[in-house]
Amino acid sequence: MFLELDQKSSNNIALIDSEGQQATYGDVVAFSQLFGTIFPLKTLIIVLNNNTVGSAMGYLAAMIERVVPLMLSATMDGELLKELTDTYHPEFLWKPMDMVQGNETVVLEKCGYALVPTGLEPYPLYEDLSLLLTTSGSTGSPKLVRHSYNNLEAQARNISAFFDAKEDDKPMVDLPINYTMGLSVLNSYLYAGATALLTGLNPISPKYWEFLKTNEATVLTNVPYYYEILKKLRFFRMDLPYLRIITQGGGKMSDELYMECAEYAKRTGKKFIPTYGQTEGSARMAYLPAELAYEKCGSIGRAIPNGKLYLINDDETVITEPDVVGEMVYEGPNVTLGYAVKGEDLILGDERHGVLKTGDMVKMDADGCFYIVGRKKRFLKLWGYRVGLDECENIIKSAFDVECACVGDDERMRIYVNSEAELDTIKKYIASKTNVNSSAFEMHYIEKLPRNDAGKILYSKL
Amino acid sequence: MKNCEKYRNIFIERFSLEEDFDVKKIKRYDVTDWDSVGHMMLITALEDSFDMMFEMEDILAFDTYENGIEILKKYGIEM
């Protein structure tokens, strides 16, 4: 069974959420059996996630019963959701009860969630396809990452090994489980038989801390920006004796904040574990062992157990000497099958065969620790969330009659448009579509975009 | 500039509101940009502007325009 969930003590609590709901491992398995009776054949469903017990129960039941969930945020923009539904034809939606409309039929209910048929004709699915995630959660790009069952099992096993996850662990799952890193926390700790603390709250809410403290959370996993907030909240002075691990992924932390986390861990006897990953590698691919956090500041460390990392040149030859920058390649059982951009792609098999070119430009030191120096692919990580630059251009161009080019770094996206009058409107529009705070977007007026003879935008000139 | 004016301007600027916007009624999450990112920026802007530092409890409790005024008064800032 998925994550061997039926091998855990059935009376142990698997899920607790900040709405006051909980479920044991026995409840999860029992619900999956009921859920399975509705699905005689493998099919696709959309899970509109809000990080509650109800949402996780639907996800787990689907995984156990080999129904493929496409995980999306419950707060996702309605038009983008419609686009994804039209593209991939899910047979059912698993969504919060309060999102069910009067004319919709509910075929199953659990913990505030309902299963609603769409009436759409499903596409044929590849036998080993287990799960679909978006590459760019916020922009709702129709491009999806196709996972196999082994991807998720291997990832859960390997991550719980290097985090030394135990039955008495209680990790905070406040990153959304429709996001690869949030899902990986849930999977790896359930594999260990632990109790996942699910919440949609964030650390500026008093209830977040109440939830964390009442349940005595043992692990925090989040993006660099989260630790910026924690620093501001004087987290590093808080007394949280039950906390064992703080871990970070989803982008590069500033050296200063990194050292602060490392020092906090050292002083309080906890572990600070920076990690590196992406959706295409079912979340984590590298981690820096806690004991190296000090001396290897800013490094993403080495490959996770059962994985391999190396660098290649432009001509794809492998770089063997240290301190040379090249594109990082990862090999391991957690490398996903490939992408889907349309319904017909859901039947595709494994296109990567365990090898992933990460698109990150990286160097390795003499001790075999890797350091990210740049990025090849056209996306940014704004507040830790991946936002595609080309997708943003398309969103803007389809709503406004403008020429548009997006560039920038992980601090800020710079958007160039040829309409001075609409700068403010476009800024508000892209912030609302991507669900990213508008301070991340810097608007620029440009009369004409720089292009080469073939008409391609010269991003380096912006 | 009076403190209450300074306070109001920070909201207008931080959350890109219209000059004549009725800020008095706004709550956290009512305004799109007042999310966790926007909140930390607001807190930093207020700390810089009033030369003070909020305690954690106050950063968490600060969730409306009105109660922000009460919180600032606790730090001896006349509003």
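User: Which residue of strand 24 of chain A is the bridge partner of A:Phe379?

Analyst: This is a predicted model. Strand 23 (residues 379–382) of chain A and strand 24 (residues 385–388) of chain A run antiparallel and are joined by four bridges. In that pairing, the partner of A:Phe379 in strand 24 of chain A is A:Gly388.

User: Which residue in the turn of the hairpin formed by strand 23 of chain A and strand 24 of chain A has a positive phi?

Analyst: Two residues lie between the two strands of this hairpin. The turn includes a residue with a phi of about 55°, and that residue is A:Trp383.

User: Which residues of strand 24 of chain A point the other way from A:Tyr385 and A:Val387?

Analyst: In a regular strand, side chains alternate between the two faces of the sheet. In strand 24 of chain A, A:Tyr385 and A:Val387 point one way, and the residues on both sides are buried. Those pointing the other way are A:Arg386 and A:Gly388.

User: How are helix 9 of chain A and helix 10 of chain A oriented to each other?

Analyst: Two packed helices are described by the angle and the distance between their axes. The axes of helix 9 (residues 389–399) of chain A and helix 10 of chain A come within 11 Å and cross at roughly 125°. The crossing is right-handed. By their angle, the two helices are therefore oblique.

User: Which residues of helix 9 of chain A make the contact with helix 10 of chain A, and how many residues of the contact are nonpolar?

Analyst: From helix 10 of chain A come A:Ile426, A:Tyr429, A:Ile430, A:Lys433 and A:Thr434. Helix 9 of chain A supplies A:Cys392, A:Ile395, A:Ile396 and A:Ala399. By class, the contact has one charged and one polar residue, and the nonpolar residues number seven.

User: How many residues of chain B are in contact with chain A?

Analyst: On chain A, 14 residues take part, and their partners on chain B number 15. Helix 7 (224–232) and helix 10 (423–434) of chain A each supply at least two residues of the chain A side. That side has six nonpolar, six polar and two charged residues. The number asked for, on chain B, is 15.

User: Is A:Ile16 buried or exposed?

Analyst: A:Ile16 lies in strand 1 (residues 13–17) of chain A. Beyond its close sequence neighbours, defined as up to four places away, A:Ile16 touches A:Gln22, A:Thr195, A:Leu197, A:Leu198 and A:Asn215. Because 21 C-beta neighbours lie inside 10 Å, A:Ile16 counts as buried.

Methods: Residues are numbered from 1 along each chain as its sequence is written. Chains are lettered from A and ligands numbered from 1 in the order in which they are written. This is a predicted model: local features need pLDDT of at least 70, side-chain atom pairs count only at pLDDT 80 or more; totals for chains, interfaces and linings use all residues. Two residues are in contact if their C-beta atoms, placed from the backbone, lie within 7 Å. Ala, Val, Leu, Ile, Met, Phe, Trp, Tyr, Cys and Pro count as nonpolar, Asp, Glu, Lys and Arg as charged, and the others, Gly among them, as polar. Axes are lines fitted to C-alpha atoms, for helices over the stretch in contact, and angles run from 0 to 180 degrees between N-to-C directions. Angles under 35 degrees count as roughly parallel, over 145 as roughly antiparallel, 65 to 115 as roughly perpendicular and the rest as oblique. A crossing is left-handed if the near helix is turned anticlockwise from the far one by less than a right angle, and right-handed if clockwise. A residue is buried if 20 or more other C-beta atoms lie within 10 Å of its own, exposed if 12 or fewer, and partly exposed in between; C-beta atoms are placed from the backbone. Two strands pair if DSSP finds at least two bridges between them.
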